[in-house]
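Please open the model in your viewer and keep the selection tool at hand.

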Amino acid sequence: MSEPGFGVYVHWPFCAAKCPYCDFNSHVRHMGWDEPRFLAAFRREIAHMAGLAPGRTVSSIFIGGGTPSLMLPETVAGILDAIGGCWSVDQGVEVTLEANPTSVEADRFRGYRAAGVNRVSLGVQSLQPDDLARLGRLHTVDEALSAVALAQSIFPRISFDLIYARPGQTPEAWREELGRAIAYGTEHLSLYQLTIEEGTPYYEMHRAGKIRTPDQATARALWDATQETCEAAGLPAYEISNHARAGAESRHNLVYWRYGEYAGVGPGAHGRLVVDGVRRELATERNPELWASAVEADGSGLVMDAGLSQEAQGDEFLVMGLRLKEGIDLARFHRLSGRRIDERRIDDLVMDGMVERLGRDRLRVTPEGFPVLDAVVADLAS
């Protein structure tokens, strides 16, 4: 199995509008933002993280948000130059930038490509006009598909996101929509079931009965339709919500799921770094302006920097690794956590068809187990 690698995540916190289902750390600033100030802060915090974790070779960079495609290409170039000035960068580094179809322009995309971006992830979310409006998206279906075509003409690799299990959605309608998306020849799809997150407008609407998500049976039928449609098209799931053609998997996300090290830079970013032999959990201030002020004063916006216990590392390793179709290395779990998973629990889950063994030292969740992954992980971790 491949080594996890070392990744750098950069969080751009601004959006043109806040989607009603979104609980990410994103902020709307109608008066705009001081982009040179934020670039300077990114540069400084990158240097701080490199001081904590020197000598690494960066295998993947992910610029997420928020809406990073609101950034000037020159800002993206400055961020990538700062990373390259603080760490060695692998010759085959994957550099992903998230983009919304509403902020896509040919010149801007060419600018990102010239800066070093070689993979774009587009927030398409739906190919149904009414659902796009209900999701609070600012783009049309035609704009989304034009953005996909433009990205394919400029970048070596692209991915796009779709949300399913939307209110009123049937498995038949989803199969048709997903098939239409696949027909555009994408190499990677991120397909997320709509979840109602506390603190979002959707949460209040759901609680008031104004929106209804599919019942359990329909949600399962939608899940099955997703797996069957993608598998038949040569885009099998390699992670619970991510599908790719062979070799097109997101290398950056594999750093997370294979429990590698990654530096988190920007407002509300999280990281996991091994510092002086101790794996540490790091997180930064969520408010963009407060984060920038903290970086200017102290070199970073860190609000958390704590060592992880062996038990915590073991739990994180299970939560992340069992999302992957390839599963986990049980010997590595033992090294990280200092304990072994109860063999009787494994045997019971094997008997129930929820997990399967791959030789002596690997364990993975089965297709039947993925829809109830949280329960499977909880059982193994207890």
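The stops below each give a selection and then what is found there.

This is a predicted model, in which local features need pLDDT of at least 70 and side-chain atom pairs count only at pLDDT 80 or more, while totals for chains, interfaces and linings use all residues. Residues are numbered from 1 along each chain as its sequence is written, and side-chain values use heavy atoms, with hydrogens and water left out.

**Aromatic pairs**

The structure holds 18 aromatic pairs; rings of Phe, Tyr and Trp (its six-membered ring) pair if their centres lie within 6.5 Å, and planes under 30 degrees apart count as stacked, over 60 as edge-to-face and the rest as tilted. Select F38 and W291, whose ring centres are 6.1 Å apart with planes at 15 degrees, so this pair is stacked. F38 belongs to helix α1 (residues 35-52) and W291 to helix α10 (residues 288-298), so the pair ties together parts that are 253 residues apart in sequence; helices (H or I, at least four residues) and strands (E, at least two) are DSSP runs, numbered from the N terminus. F38 is buried at a relative accessible area of 2%, and W291 is buried at 0%, where buried means under 20% relative accessible area, exposed over 50% and partly exposed in between (1.4 Å probe, protein chains only).

Next select Y164 and W174, a stacked aromatic pair with 4.9 Å from centre to centre and 10 degrees between the planes. Y164 is in strand β7 (residues 157-164) and W174 in helix α6 (residues 171-182), so the pair ties together parts 10 residues apart in sequence.

**A charge over a ring**

Select R279, which lies over the face of Y259 at 3.6 Å from the ring centre; a charge sits over a ring if NZ of Lys or CZ of Arg is within 6 Å of the ring centre and within 35 degrees of the ring normal. Leaving aside neighbours within four places in sequence, Q313 is in contact (heavy atoms within 4.5 Å) with Y259, R279, L308 and L336.
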